[in-house]
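Notebook open, structure loaded. I want to go through charges, core, sheet and one loop, in that order.

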Amino acid sequence: MAFNKQNISDNTATKITGASTASVVGMRISNTKSSGAVIIDLYIKNVNDDTIYYMLNNVKIPNGATLFLDKSEIEYDNVDFDLYILSDSGTGDLSIITN
């Protein structure tokens, strides 16, 4: 099974690549910070009018923990929307694997 990996290295909204409802089975978001929690927002943004719809808002991932989301939790229309993640950490400190 193919998978996509992506590291988030700053605290700006980042489009998650490789996430498509046609093929995604799950997503793992890992806190890679040396100590402390990372707070994330995960959302879809309409490509036509930039409207944002949150899947996760202000969710804390403790140090060393991984948040797993299955297909039913991240399913979206990937034609009209893009999937984004935002970290509160200045250096991002997130590793994402979609498969």
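I started with salt bridges and found one in the structure; this is a predicted model, so I kept that in mind throughout. The partners are aspartate 82 and lysine 15, with 3.5 Å between the closest N and O atoms. I then looked up where they sit: aspartate 82 is in strand β7 and lysine 15 in strand β2 (residues 14-15), so the pair ties together parts that are 67 residues apart in sequence.

Next, the core. Which residues touch the most other members of the largest nonpolar core? I got Ile29, Ile40, Leu42 and Ile85, out of 19 residues in that core. I also checked which elements give two or more residues to this core, and my list reads β3 (26-31), β4 (38-46), β5 (52-61), β7 (81-87) and β8 (94-98). The largest share, four residues, is from β4.

Then I traced a sheet. What is the strand order in the open sheet of four strands? I read it as β1-β8-β3-β6, with antiparallel pairing. At the edges I have β1 (4-8) and β6 (66-70), each pairing on one side only.

I went into the β3 and β6 pair, which is antiparallel and joined by five bridges. For arginine 28, I found the bridge partner in β6 to be phenylalanine 68.

Last stop, a loop. I looked up glycine 36, which lies between β3 and β4. With 34% relative accessibility, glycine 36 goes down as partly exposed. Which residues does glycine 36 touch, not counting those up to four places away in sequence? I found Asn31, Pro62 and Asn63. I also checked glycine 36 against threonine 66, 30 residues apart along the chain, and their C-alpha atoms are separated by 13 Å.

Terms used
Residues are numbered from 1 along each chain as its sequence is written. This is a predicted model: local features need pLDDT of at least 70, side-chain atom pairs count only at pLDDT 80 or more; totals for chains, interfaces and linings use all residues. Side-chain values use heavy atoms; hydrogens and water are left out. A nonpolar core is a set of buried Ala, Val, Leu, Ile, Met, Phe, Trp, Tyr and Cys residues joined through side-chain atoms within 4.5 Å. Buried means under 20% relative accessible area, exposed over 50%, partly exposed in between (1.4 Å probe, protein chains only). Two strands pair if DSSP finds at least two bridges between them. Contact means heavy atoms within 4.5 Å. A salt bridge is a side-chain nitrogen of Lys or Arg within 4 Å of a carboxyl oxygen of Asp or Glu.
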